[in-house]
Amino acid sequence: MYDTLGEFKPGTTTLDPGLATRWAASADMKNWTFTLRRNVKFHDGTPFNADAVIFNVERWWNPASPARYNHTWESWGQILGESKGKGSVLAGIKKNNDYSLTFNLTRPVSDFPARISTSFFGIASPAAVKKAGEKYGSPAGGAVGTGPYVLDSWKTGDRIVLKANPSYWRGKPRNDGVLFRFLKDPSARLNELRAGTLDLSCDLNPADLKAVQGDPKLTAILRPSFNVGMLNIYTGTRKELQDVRVRRAIMYAINRPAIVDAFWGPLGATDNSIVPPALGWANSKNVPNTAAPNVAQAKKLLAEAGYANGLTLDLWYMPVSRPYFPTPKPIAEAIAADLAAVGIKTHLKTEDWAKYLEDSRQNPGFDLYMLGWSGSYGSPSTFYDPHFGPGGEPDTAYENKALQKLLDNATAAKNQSEAAKIYAKAQELAYESAVRIMMVHSRPLCASRKNVTGWTPNPTNSDQFDTVVIK
């Protein structure tokens, strides 16, 4: 339904023009000027222009914006730092004319166009937002953008129906619309694909790769690996977990290669980096690339920390399938078995997805918990900043000022070679902290019916469907 200022070329993290036709930075990369596309209209017929972009940015960034309607934008903090005020990356936004505007930043950000073009920042109709008020973006308030599809109906937890936008600025979609259904179980999605009640689906169980490849009615499609599945450790409550020796013992105890082989097979890889292999240029040669277990070292560290007789922790697993953890519970059980072998007993727990996300980010937190991340644009910052940066997650209660400074310096780097040296040091500090144990980088398994063409899953999960044809 929405377009963004820039768009990622299908199947890649390469940024192409979108609602902005071009952009340019000042020499210090603190001022970015965007030229906007002309003759574009929102689904409600109102014009797209600089005022519309500024309205949306103010809504995301400025807590005092009257269009905010008490909503918060967590994605803004994860991608562009704190909201308006001290600590914000954005200092202001200025309209140059109806089709040009400039973002003024508080520090240099070399990948700003990609950050502001992620799918989180789709441009909504100001008129529609004002009309719906706090209900905007819900089934009751609707959603209005400039994109290839128009919202037709929305039944919470069941389906969203979109119809083709005949006036789309790129041209009418090659299909009449898209129906999104919500099926939590990967097996259920595969069964419906086989039955023909779905045309395409993603995040299937990696173990079903051969079954999909062997089905004459289906085509297996692998989304490029651009994610990380992690076991996160909360340091804000338990004194045991505030001891880095205990955290490192947990890391050494888990046989990550064996777990990845068992649950992902050829569709998974494990290492000690938060960034996926596609961004491996940012890794340090001083950090082991392998994630081999060391049970003896784990027991030694526990004994040094005063827990030779072991300890008991809660291990939380997600109640839903995600690209990085398609089958969370059995994966959690495998992790628990490895921890038990070094004397760490775990209680497996889960809860409703929304509550899981909320509770993991506030005291008393979760001792150990599974979660992951899919990158939004083609820079290491899309992985590092939300998890170790100043605007990052509070889910570990861990802060490292030196690491945060490195991340700021990396985004100001003038070229990849300069950035690589800085990110290498960042990886070393992240690895030493052992607050996030990198479990897997996966290639999510997608599939479509044989009669479906024109679909290329994107690494960032921001898929385009207007090119899809069903024969």
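Reply: Helices (H or I, at least four residues) and strands (E, at least two) are DSSP runs, numbered from the N terminus. The model is predicted: local features need pLDDT of at least 70, side-chain atom pairs count only at pLDDT 80 or more, and totals for chains, interfaces and linings use all residues. Residues are numbered from 1 along each chain as its sequence is written, and side-chain values use heavy atoms, with hydrogens and water left out.

Me: Where is Pro364 found?
Reply: A cis peptide bond joins Asn363 to Pro364, with omega at about 5°. Pro364 belongs to the loop between helix H12 (353–359) and S16.

Me: What is the strand order in the open sheet of six strands?
Reply: Two strands pair if DSSP finds at least two bridges between them. S13 and strand S15 (344–349) are the edges, each with a single partner strand, so one side of each has no neighbour in the sheet. Pairing in this sheet is mixed, and the order is S13-S17-S12-S16-S14-S15.

Me: How many residues of strand S12 are buried?
Reply: Buried means under 20% relative accessible area, exposed over 50%, and partly exposed in between (1.4 Å probe, protein chains only). Asn227, Gly229, Leu231 and Ile233 point one way from S12, Val228, Met230 and Asn232 point the other way, and all are buried. S12 (residues 227–233) is therefore largely enclosed by the rest of the structure, and the count of buried residues is seven of the seven.

Me: Which residue in S17 stands opposite Met230?
Reply: S12 joins strand S16 (residues 368–374) through seven bridges, and the two run antiparallel. There the bridge partner of Met230 is Leu371. S12 also pairs with strand S17 (residues 436–442) in the antiparallel sense, over four bridges. In S17, Met230 faces Met438.

Me: Which strands are the edges of the open sheet of three strands?
Reply: The order in this sheet is S7-S8-S9, with antiparallel pairing. Each edge strand pairs on one side only, and the two are strand S7 (149–155) and strand S9 (177–181).

Me: Which residue in S8 is the bridge partner of Ser153?
Reply: S7 and strand S8 (residues 159–164) pair in the antiparallel sense, with six bridges. In S8, Ser153 has as its bridge partner Val161.

Me: Are H13 and H15 parallel or oblique to each other?
Reply: Helix H13 (residues 381–388) packs against H15 at an angle of about 45°, with the axes 12 Å apart. Axes are lines fitted to C-alpha atoms, for helices over the stretch in contact, and angles run from 0 to 180 degrees between N-to-C directions. Angles under 35 degrees count as roughly parallel, over 145 as roughly antiparallel, 65 to 115 as roughly perpendicular and the rest as oblique. H13 and H15 are therefore oblique.

Me: How many aromatic pairs are there?
Reply: Rings of Phe, Tyr and Trp (its six-membered ring) pair if their centres lie within 6.5 Å; planes under 30 degrees apart count as stacked, over 60 as edge-to-face and the rest as tilted. By this rule the number of aromatic pairs is 22.

Me: How many residues apart in sequence are the parts tied together by Trp281 and Tyr423?
Reply: Trp281 and Tyr423 form an edge-to-face aromatic pair, 6.4 Å centre to centre with 75° between the planes. Trp281 is partly exposed at 28% relative accessible area, whereas Tyr423 is buried at 2%. Trp281 lies in the loop between strand S13 (268–269) and helix H10 (295–304), and Tyr423 in helix H15 (residues 416–433), so the parts tied together are apart in sequence by 142 residues.

Me: Is Asp203 buried or exposed?
Reply: Asp203 is not a glycine, yet has a positive phi of about 55°. Its place is in strand S10 (residues 200–204). With a relative accessible area of 19%, Asp203 is buried.

Me: Is Asn39 buried or exposed?
Reply: Asn39 also has a positive phi, about 60°, although it is not a glycine. Asn39 sits in the loop between strand S4 (31–36) and helix H1 (50–61). At a relative accessible area of 75%, Asn39 is exposed.
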